[in-house]
4 protein chains.
Amino acid sequence: MSYGSTFTAWRDATPAWPAYTRHAFVQGLGDGSLPRGAFLHYLKQDYVFLIHFSRAWALAVTKADTVEEMRLAAGTVNGLINEEIALHIKTCAKAGIDEETLFATEERQENLAYTRYVLDAGHSGDLIDLLAALAPCVIGYGEIGTHLAANKTSDTYADWISTYASGEYQKVCHDVGALIDGAVSRRLGSDPKASPRWKSLQARFATATKLEVGFWDMGLDP
Amino acid sequence: MSYGSTFTAWRDATPAWPAYTRHAFVQGLGDGSLPRGAFLHYLKQDYVFLIHFSRAWALAVTKADTVEEMRLAAGTVNGLINEEIALHIKTCAKAGIDEETLFATEERQENLAYTRYVLDAGHSGDLIDLLAALAPCVIGYGEIGTHLAANKTSDTYADWISTYASGEYQKVCHDVGALIDGAVSRRLGSDPKASPRWKSLQARFATATKLEVGFWDMGLDP
Amino acid sequence: MSYGSTFTAWRDATPAWPAYTRHAFVQGLGDGSLPRGAFLHYLKQDYVFLIHFSRAWALAVTKADTVEEMRLAAGTVNGLINEEIALHIKTCAKAGIDEETLFATEERQENLAYTRYVLDAGHSGDLIDLLAALAPCVIGYGEIGTHLAANKTSDTYADWISTYASGEYQKVCHDVGALIDGAVSRRLGSDPKASPRWKSLQARFATATKLEVGFWDMGLDP
Amino acid sequence: MSYGSTFTAWRDATPAWPAYTRHAFVQGLGDGSLPRGAFLHYLKQDYVFLIHFSRAWALAVTKADTVEEMRLAAGTVNGLINEEIALHIKTCAKAGIDEETLFATEERQENLAYTRYVLDAGHSGDLIDLLAALAPCVIGYGEIGTHLAANKTSDTYADWISTYASGEYQKVCHDVGALIDGAVSRRLGSDPKASPRWKSLQARFATATKLEVGFWDMGLDP
């Protein structure tokens, strides 16, 4: 399933992309070698991440220029806050951690840095500045899920993998990719790489990708 | 159905409340005397209003302090942009006006003043500043719908009336009232009227109510 | 003194520009026929306008991409809040109205609509969306001041006229024009009219100009 | 010179305060043991920090409720962007680093985390949420400067020390402390510690203080 031409161009120009999508944490999910404690630590941080990431998608609703942009962003907020997050709540509940505890998780600096950077991308710029900062997480997880589903050698983290490899999540990635393509062409025209803004959008995407690497590093360091 | 103690206190202290909820436009909906042209003009402006009002509810998601506040605000955005607005789209479609035309409606000053005031209440203050500016529209329409359903003498605008009198819409009003009560007590404590902020929250609610009156006035002046 | 090529293009494509810059209120300033009561009413509303307009310029500081953009926007905030506003405070003081009273002036809808629209232009878009909404007031007053200084037939409102005709204020207009030209070329390239965003920037400028006309209308209706 | 009762209460309840104000980096400034390379690395990061910190102060202007709050916040933006930053530009210029290079410094994660956290405190809350996140840097540097001026054993970093120990900078700290006291009592009343918001304001101050510790750690790790 295609994630759109803009996302593909941004990803291909981002040196840290493999460091993110093939990180040791990701490999540990695929071969089951990731310690359970690290996984739970990651899930708790990722719960807090999703709270603030949902806020950033809600910000996108406030910055949309068309009804379609608004509807897609609003649908993503709902998907994040009512569905994706359910995996975290369910898995942590099994481990005896309730949602109130999750919400009160002390946010690690690597976590805080990432979501606040994304929010500021939205506040300081327009919708496509925000989308460039949102893209690495949303679509990167789709790429990781698909890769792990095809290559995993252990079922220890099968629930996590199937969440992001699922048709439903892949559709979110596809829709977000299409939203980005539309929003970019609506603002930068048919040859977006020729726009003076292309470089800074690419830089936003690259910074968010580096912050993803930092997030996995943190995951391995409970 | 109760709309909560905070809303009740704000409404009861707002002199313009009856001018809003018993406006000539409202009476014209109830007795069918409102000219069809004025109704369609109002619906087109109200469509644009709902677009920006949804943006303001999305802003509320970014300003929530608890998961419950976030979920309720996110649900409201979805309700507005995918459900309430359907009445406008359907009614206008019957009159030969498609959604693209609706979206391109030139915004009247009375309309623009209202939604941008609400958005700025959110940007300049915290969640309860925003909720005080959002409340008159959401819950006021619930009050108007209930009143008209019980007192209408014509079925000309029965679709409009039943939308806002419906159990579904009343539940939205009830939930928003509860959201406001919770958000206020979480920030101002158990005796919110003793807070130095009460006066300015009350003033926000009153200003938004006056802007509602201006909106109905505009509705009668196609 | 040139106000820049972008401003000139926006102004020349705005049908309401003469309705704004040659408004009956402006003519009344030039020939002294404007009633004193209307002038004081206008000054009080304009004081409140400048408060919110300064907030919009402060928002521009948060949305700048270069140090030069930041410095110019920060300097403008200071100029507005500490200098331009002094005319209002001084003139009103002579008429027995102190600053606390000015600050507590009840904002008219025409006033509120304008500043909140400008603030939302900034929050929903990027720096140039905001600048397109800020330009008609800042530079339009420069144009009006210059025109009245050359054509006035009365000295009744000479203080007002000389404030906006002064070299100091003209420099502000020139600097803001240069800021706009730079910010636009930095984001849209060397042929900004070819950008898909040009049309919406032009529309923002036109809407703000219409809101200026509404502000003068309000000025004549104390 | 007093920095106000609110600041004092927040500082005294923040366990990480000594880790910030007596950090090894600070000691290295006082006894001259800090390597020049680390100092220049810090100055470059701090230049970028001040850019985003100025944006946060500009955001405060947009969230003020009184003219005094606005004027003080606007004055601080100007002070930061035109004066405090001059130390960085001058010192770096002597070391052959021009401002364009400074502006292009790649922002370290510890740096980015801090400023974006402060900006989000402002966007998600009201003025006092923002001030609680701004206070540790502004006033903490005043405390550090005063302490080092009285206790330094080397003149290697005398320029840095005298910048923050200067009467001019101490006045900024005093004014900001008074701004905080006023803004807090205006919103929370005469017994702010009894407000349900006190705990979260305290937590904001504590988080910003921890991010200061992270910033010094980064300074020692060029």
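Visitor: Ground rules, please.
Guide: This is a predicted model, in which local features need pLDDT of at least 70 and side-chain atom pairs count only at pLDDT 80 or more, while totals for chains, interfaces and linings use all residues. Residues are numbered from 1 along each chain as its sequence is written, and chains are lettered from A and ligands numbered from 1 in the order in which they are written.

Visitor: How many residues does the contact take from chain B and from chain A?
Guide: 16 residues from chain B and 16 residues from chain A. Contact means C-beta atoms, placed from the backbone, within 7 Å of each other.

Visitor: Which elements of chain B give two or more residues to that side?
Guide: α4 (36-62), α5 (67-94) and α6 (99-103) of chain B. Helices are DSSP runs of H or I with at least four residues, strands are runs of E with at least two, and both are numbered from the N terminus.

Visitor: How do the residues on that side of chain B divide?
Guide: Ten nonpolar, three polar and three charged. Ala, Val, Leu, Ile, Met, Phe, Trp, Tyr, Cys and Pro count as nonpolar, Asp, Glu, Lys and Arg as charged, and the others, Gly among them, as polar.

Visitor: What surface do the copies in chains A and B meet through?
Guide: The same one, because 100% of the interface residues of chain B are also interface residues in chain A.

Visitor: On to chain D. How many residues does the contact take from chain D and from chain B?
Guide: Twelve from chain D and twelve from chain B. The side of chain D that touches chain B has one nonpolar, five polar and six charged residues.

Visitor: What rotation superposes chain D on chain B?
Guide: One of 180°, with 0.0 Å of shift along its axis and an RMSD of 0.0 Å. The two copies are therefore related as by a two-fold rotation axis. Both copies use the same surface: 100% of the contact residues of chain D recur in chain B.

Visitor: Which residue of chain D comes closest to the rotation axis?
Guide: D:D126, at 2.4 Å by its C-alpha.

Visitor: Helix packing now. How do α5 and α10 of chain A cross?
Guide: The axes of α5 (residues 67-94) and α10 (residues 167-188) of chain A come within 11 Å and cross at roughly 150°. Axes are lines fitted to C-alpha atoms, for helices over the stretch in contact, with angles from 0 to 180 degrees between N-to-C directions.

Visitor: Left-handed or right-handed?
Guide: α5(A) passes α10(A) in a left-handed crossing. Left-handed means the near helix is turned anticlockwise from the far one by less than a right angle; clockwise is right-handed.

Visitor: Which residues make the contact between α5(A) and α10(A)?
Guide: A:E69, A:L72, A:T76 and A:G79 come from α5(A). A:V172, A:D175, A:V176, A:L179 and A:A183 come from α10(A). The contact has five nonpolar, two polar and two charged residues.

Visitor: And α7(A), why is it largely enclosed?
Guide: Because 14 of its 16 residues are buried. Buried means 20 or more other C-beta atoms within 10 Å of a residue's own, exposed means 12 or fewer, and partly exposed is in between, with C-beta atoms placed from the backbone.

Visitor: Where does B:Q109 sit?
Guide: In helix α7 (residues 109-124) of chain B. B:Q109 is partly exposed because it has 18 C-beta neighbours inside 10 Å. Not counting residues up to four places away in sequence, B:Q109 touches C:A113 and C:G214.

Visitor: Which residues of α3(C) are buried?
Guide: C:F25, C:G28, C:L29 and C:G30, in helix α3 (residues 24-31) of chain C. What covers the buried residues includes α8 (127-151), α9 (158-165) and α11 (198-219) of chain C. After α3(C) comes C:G32, with a positive phi near 75°.

Visitor: Last one. Is C:K193 buried or exposed?
Guide: Exposed, because C:K193 has 12 other C-beta atoms within 10 Å. C:K193 is in the loop between α10 (167-188) and α11 of chain C. Its C-alpha is 36 Å from that of C:W160, 33 residues apart along the chain.

How values were computed: Two residues are in contact if their C-beta atoms, placed from the backbone, lie within 7 Å. Copies are superposed by least squares on the C-alpha atoms of residues with pLDDT of at least 70 in both.
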